[in-house]
Every structure is written in C-alpha cells, then in structure tokens.
Amino acid sequence: MRRTLLVFILPSLVSLMADVVYEGDRSVSGAFLESLKTPQVMVSLIGLGEFVGTLLRFLSGFLATYIGSSAALWALTVTGYAVTYLSIPLLAFATSWGQAALLYTVDRVGKGLRTPARDAILSEVADSTTT
C-alpha cells in the first residue's frame, strides 16, 4: 500500500510542479518572443514543437510498451521531467529567438518522453491494486 501511495503521490507532485513551470511559461511566451524581436512567421513555426512532442509521445509510448521494464519506464519519465525542468528556466538566458525556439521545442520533447512512460507506470500500479 505504501508503494502505491508513493507511486501516485510523488509523481503527482512532480507533475504539478512541471505544470506550474511550463504552463506559467506558456502564459508569457508571446510577450517573451516579441521582446526577442521574433518574426511573426517564426512564432507560428515554433508551434511545430507541439507536433514534435506529439510525435515523440507516439514513439515513446511504443518504446515503453516494447521495453516493458520498470527501470526503463522510470528512466524515460525522470528524463522527460528533467528536460522540462531545465529547458524552461534556461529561457531566462535566451538572447535570440532561435535559442528560445530551441528551448521551447526541447520542452515539448521532454513532455513527449515522459507522458506515455508515466501513464504506463500508473497503469501498472493501478492494476496491482485491483488484484
């Protein structure tokens, strides 16, 4: 029971903090990109990072299912959160819109890595509590 609580509570808190980090950034991204004098067409192309993240979710989900190892799932999850926790604060040091675009895309890559693996971990734990 204790393991179950740890697997649900700790990742939930980490996920909450990641949401605070990247959703807080999303709320000011337009003004930030404007301050970097980002051309309007490039602002729209930065949205391709969302596509990259979604594509990576598919690939990461396939990989998580194929590997099936708890250690690999945790590694993908931790790596994904680490990427977000590093990429968004690094935006404070971006001096060009190219750097900002790269960091926004890297953030979406982190989300693409962690989400399927995290969901697989939660699914495994939920299955073990119902049996």
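Visitor: Let's start with Phe-8: does Phe-8 count as buried, partly exposed or exposed, and at what relative accessibility?

Guide: Bear in mind that this is a predicted model. Phe-8 counts as partly exposed, because its relative accessibility is 30% and that class covers the range between under 20% for buried and over 50% for exposed. Phe-8 sits in helix α1, which spans residues 2–35.

On to ring pairs. The count comes to two aromatic pairs. One of them joins Phe-62 and Tyr-66, stacked with 6.4 Å centre to centre and 15° between the planes. Both residues belong to helix α3 (residues 48–67), where they are four residues apart, about one turn of the helix. Phe-62 counts as exposed because its relative accessibility is 58%, and Tyr-66 likewise counts as exposed, at 66%.

Tyr-22 has a charged neighbour instead: Arg-108 lies over the face of its ring, 4.8 Å from the ring centre.

Last stop, Trp-97, in helix α5 (residues 97–130). With a relative accessible area of 29%, Trp-97 is partly exposed. Leaving aside residues up to four places away in sequence, Trp-97 touches Leu-36, Lys-37, Thr-38, Pro-39 and Met-42. Take Thr-38 from that list: Trp-97 and Thr-38 are 59 residues apart in sequence, yet 5.5 Å apart in space, C-alpha to C-alpha.

Note on methods:
Residues are numbered from 1 along each chain as its sequence is written. This is a predicted model: local features need pLDDT of at least 70, side-chain atom pairs count only at pLDDT 80 or more; totals for chains, interfaces and linings use all residues. Side-chain values use heavy atoms; hydrogens and water are left out. Helices (H or I, at least four residues) and strands (E, at least two) are DSSP runs, numbered from the N terminus. Buried means under 20% relative accessible area, exposed over 50%, partly exposed in between (1.4 Å probe, protein chains only). Rings of Phe, Tyr and Trp (its six-membered ring) pair if their centres lie within 6.5 Å; planes under 30 degrees apart count as stacked, over 60 as edge-to-face and the rest as tilted. A charge sits over a ring if NZ of Lys or CZ of Arg is within 6 Å of the ring centre and within 35 degrees of the ring normal. Contact means heavy atoms within 4.5 Å.
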